[in-house]
Amino acid sequence: MRRLLVVEDDSDLREMVTETLVDEGYHVDQAPDGQRGLHLGLTRPYDVLVIDRRLPALDGLDLITRLRARAVAARALMLTALGTVDDRIAGLDAGADDYLVKPFDLDELSARIRALCRRTSDATEVLRVGGGLLDLGVRDAVRADGTRVSLSAREFELLRVLAARPRAVHSRATLRSRVFDEAAAASIVDTYVYYLRRKLGRDVVQTVHGLGYRLGAL
């Protein structure tokens, strides 16, 4: 199921958009302001972000800029009442993938989100892991010598989250919320780190004692 985040301070519009997208089969989280949107965007994996241009606490442009600076690659659709060419350029330059001017038709919103989801599916991207890489298209790890190693969905997602911010130290709580169900056992992250090391070698994930884990090398 595709995961979407709707960041909109107008509660009526936010609920209407969310209800429409849930009816179309998406999992949708909501945020009423930019700070909450930033927290969710950094701690949970999303396919598409729907972000209002003018938000309390943190402006929509600043929100997208900060998410992109932290290697969040989800597609972003900006909603705004500001429809000038300069406004659209500012949104796209900040990291938005598409721009929809208010008031808008919900059918058009849905169509644009479907298009962004297709672009996410069709993208052939890789993430570097030391001398190796993660092939996002087929969900394989590729060693420096070219050997491919198949990973389970959860193993791949855990390594992808680490690789998206390779210098950062990720706490167990953050990794559990981004990769696993929040009801999962507290030890689930340690278990999957063990699985990754068993398949790819001990150096693939580094332990930072007392803090969590960070990316190593293939």
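Student: Is Asp140 buried or exposed?

Tutor: Burial is read from relative accessible area: buried means under 20%, exposed over 50%, and partly exposed in between, with a 1.4 Å probe and protein chains only. Asp140 has a relative accessible area of 14%, so Asp140 is buried. Before we go on, keep in mind that this is a predicted model, in which local features need pLDDT of at least 70, side-chain atom pairs count only at pLDDT 80 or more, and totals for chains, interfaces and linings use all residues. Residues are numbered from 1 along each chain as its sequence is written, and side-chain values use heavy atoms, with hydrogens and water left out.

Student: Where does Asp140 sit, and which residues is Asp140 in contact with?

Tutor: Helices (H or I, at least four residues) and strands (E, at least two) are DSSP runs, numbered from the N terminus. Asp140 belongs to strand S8, residues 140-142. Contact means heavy atoms within 4.5 Å. Leaving aside neighbours within four places in sequence, Asp140 is in contact with Leu133, Leu134, Asp135, Arg148, Val149, Ser150 and Phe156.

Student: What is the strand order in the sheet that holds S8?

Tutor: The general idea is that strands of a sheet pair through backbone hydrogen bonds, either parallel or antiparallel. Here, two strands pair if DSSP finds at least two bridges between them. S8 belongs to an open sheet of 4 strands in the order S6-S7-S8-S9, with antiparallel pairing. Its edge strands, S6 (126-129) and S9 (148-150), each pair on one side only. From one strand to the next the twist averages 25°; axes are lines fitted to C-alpha atoms, for helices over the stretch in contact, and angles run from 0 to 180 degrees between N-to-C directions. S6 and S7 (residues 132-135) run antiparallel and are joined by 4 bridges. Look for Leu127, which stands opposite Leu134 in S7.

Student: And what is the order in the sheet of 5 strands?

Tutor: That open sheet is ordered S2-S1-S3-S4-S5, and its pairing is parallel. Strands S2 (27-31) and S5 (98-101) are at the edges, each pairing on one side only. The twist averages 20° from one strand to the next. Helix H1 (residues 11-23) packs on this sheet, touching S1 (3-7) and S2, and the direction of H1 makes about 170° with that of S2. Inside the sheet, 5 bridges join S3 (residues 48-52) to S4 (residues 75-80), and Ile51 has Met78 of S4 as its bridge partner.

Student: How should I read Thr80 and Thr20: buried or exposed?

Tutor: Thr80, in strand S4, counts as buried at 1% relative accessibility. Beyond four places in sequence, Thr80 is in contact with Asp52, Arg53, Tyr99, Leu100, Val101 and Lys102. Thr20 lies in helix H1 and also counts as buried, at 18%. Not counting residues up to four places away in sequence, Thr20 touches Leu106 and Ser110.

Student: How do I describe the packing of H3 and H4?

Tutor: Two packed helices are described by the angle between their axes and the distance between the axes. The axes of H3 (residues 60-69) and H4 (residues 85-94) come within 8 Å and cross at roughly 25°. That makes H3 roughly parallel to H4; angles under 35 degrees count as roughly parallel, over 145 as roughly antiparallel, 65 to 115 as roughly perpendicular and the rest as oblique. H3 brings Leu61, Ile64, Thr65 and Arg68 to the contact, and H4 brings Ala90, Gly91 and Ala94.

Student: What is the crossing angle of H7 and H8?

Tutor: H7 (residues 172-179) and H8 (residues 188-200) cross at roughly 80°, their axes coming within 9 Å. The two helices are therefore roughly perpendicular to each other. Arg172, Leu175 and Arg176 in H7 meet Ile188, Val189 and Asp190 in H8.

Student: Which domains does the chain have, and how far apart are their centres?

Tutor: Domain bounds come from an automatic or database domain assignment. This one gives domain 1 (3-117) and domain 2 (126-215), with C-alpha centres 28 Å apart. In the contact, 7 residues of domain 1 meet 8 residues of domain 2.

Student: What does Ala71 touch?

Tutor: Ala71 is in the loop between H3 and S4 and is partly exposed, at 32%. Setting aside residues up to four places away in sequence, Ala71 touches Ala164 and Arg165. Ala71 and Ala163 are 92 residues apart in sequence and 9.4 Å apart in space, C-alpha to C-alpha.
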